[in-house]
Amino acid sequence: MTAIEFNNVTKSYQSGAHSVLNHMNFSIQENVLTGVIGRNGVGKSTLMKLIAGHIKVSSGEVRVFSENPFNSLKVSANTILVDDTMSFSDKLTLQQILKEADRFYANWDARLAKRLFDFFSFHPFAHHQHLSKGKKNTFNAIIGLAAHCPLTIFDEPTTGMDTVVRKDFYRALLKDYIAHPRTILLSSHHLEEIEDLLEDILLVRDGTIPFHGPITDLQDMYVKLVGKEEKVRAHVVERSSFGSQVNGSFIEVLVKNTFTMDEQARLNEEGITIVPVPANDAYVALTSGSKGGIDDVFNSATTD
Ligand SMILES: Nc1ncnc2c1ncn2[C@@H]1O[C@H](COP(=O)(O)OP(=O)(O)OP(=O)(O)O)[C@@H](O)[C@H]1O
């Protein structure tokens, strides 16, 4: 079943202003864990807020569980959006917030909430507004996990968390998702940290979706050629490359994976290895155009 549908969706914040999302079309099936990725300011949070029904489209149509999410009771009862603007009553202690959440969310998992609360060493009588940034986001993430909402949206949930907490949170998310499959959207600027847990990727760029599909398909779009510099350069001269790194007389160059079987055999004969890349490298290539990597800035600076 389809959980989320975007039909020709455009969103601009002021009339006549530049559109953040531009005639966007995609659909997400139920019970899939999708990573929403894209460079700063491309509109990931905007897209997530539209899905959660917090803001309205400028034109086009968003459907969540077959309804327009804006002002839909059904969508708000079945959706949670976790981000760093989440706030709670100043008067409630953390323990009281968990109690309120138990009343509010139909599928609330009180046992999981309590266990995570203790694991991350929260004080029951602390107040949300006095927590550090990382602790606030950890608490918000606990709410997001324990709510077990059929549509769970995490917008940059790990901002401010230290490395250990981020790892633990992602592990908890994966374990809980396996035990309780649901539709989860997760945005992050650190694809390398989450690529092992994602099933699909929704890539946002220039107000559109240049890639939506299994993360393995994204990985397969690019490869690295590794070998002696002059040999590799001879092979990539006709191709767009997306960054290179020189190590002594060896070089590795990220290129589109469009090699025929014959070309692959020729590369192998010349001692050039074709190496699969993590999804993060493919993402960087897809979102950085043909400008190359940061190393190329310094390489060209010496020849200008
Ligand atoms: N309430 C608002 N009013 C006006 N412009 C806004 C508003 N919210 C977001 N924008 C603009 O919309 C664009 C997309 O912002 P958004 O926060 O959705 O991007 P993002 O991909 O989540 O960014 P980041 O990765 O940096 O968090 C930006 O240019 C931003 O300045």
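Colleague: Hi! I'm new to this one. How many helices and strands does the chain have?
Modeller: Welcome! The secondary structure comes to 12 helices and 13 strands. Keep in mind that this is a predicted model.

Colleague: And what box do the C-alpha atoms fill?
Modeller: Along the principal axes, the box is roughly 65 × 45 × 40 Å. The chain has 304 residues, and 36% of them count as buried.

Colleague: What about contacts between residues at least 6 apart in sequence: what share joins residues at least 24 apart?
Modeller: That share is 68%.

Colleague: Which domains is the chain divided into?
Modeller: There are domain 1 (2-214) and domain 2 (221-303). Their centres, taken over C-alpha atoms, are separated by 35 Å.

Colleague: How many residues of each are in contact with the other domain?
Modeller: On the domain 1 side there are 11 residues, in contact with six residues of domain 2. Helix H7 (191-194), strand S8 (200-205) and strand S9 (208-214) each give two or more residues to that side of domain 1. S8 gives the most, with three residues.

Colleague: What classes of residue are on that side of domain 1?
Modeller: Six are nonpolar, one is polar and four are charged.

Colleague: Which residues is isoleucine 194 in contact with, beyond its neighbours within four places in sequence?
Modeller: Those are Gly35, Tyr170, Leu186 and Ser188. There is also lysine 167, 27 residues away along the chain, with its C-alpha atom 9.2 Å from that of isoleucine 194.

Colleague: New topic: how many residues does the largest nonpolar core have?
Modeller: It has 73 residues, and Ile51 and Ile153 have the most contacts inside it. Helix H5 (residues 133-146) gives the most to this core, with six residues. Domain 1 (2-214) and domain 2 (221-303) each supply at least three residues to the core. As a general point, nonpolar side chains tend to be buried together in soluble globular proteins.

Colleague: What does isoleucine 51 touch?
Modeller: Leaving out residues up to four places away in sequence, isoleucine 51 touches Ile4, Val62, Val64, Pro69 and Ile153.

Colleague: Now the ligand. Which residues are around it?
Modeller: Tyr13, Val20, Gly38, Asn40, Gly41, Val42, Gly43, Lys44, Ser45 and Thr46. By class, this shell has three nonpolar, six polar and one charged residue.

Colleague: What does the UniProt annotation say about residues 4-231?
Modeller: The UniProt record, an unreviewed entry, annotates them as "domain: ABC transporter". Over that stretch the chain is 35% helix and 27% strand, and the end C-alpha atoms are 48 Å apart.

Colleague: Last one: where are serine 121 and histidine 148?
Modeller: Serine 121 is in the loop between helix H4 (110-119) and H5. Its phi is near 55°, a positive value in a residue other than glycine. Histidine 148 is in the loop between H5 and strand S6 (151-155), and its phi is also positive, at about 50°.

Colleague: Why does serine 121 count as exposed?
Modeller: Serine 121 has 8 other C-beta atoms within 10 Å, and exposed means 12 or fewer. Histidine 148 has 18 within 10 Å, so it is partly exposed.

Methods:
Residues numbered from 1 in each chain as written. Predicted model: local features only at pLDDT ≥ 70, side-chain atom pairs only at ≥ 80, totals over all residues. Near = placed C-beta within 6 Å. Nonpolar A, V, L, I, M, F, W, Y, C, P; charged D, E, K, R; others polar. UniProt positions renumbered as here; feature names shortened; annotations may be inferred. Helix = DSSP H or I, 4+ residues; strand = E, 2+ residues; numbered from the N terminus. Core = buried A, V, L, I, M, F, W, Y, C linked by C-beta atoms within 7 Å. Buried ≥ 20, exposed ≤ 12 C-beta atoms within 10 Å, placed from the backbone. Domains from an automatic or database assignment. Contact = placed C-beta atoms within 7 Å.
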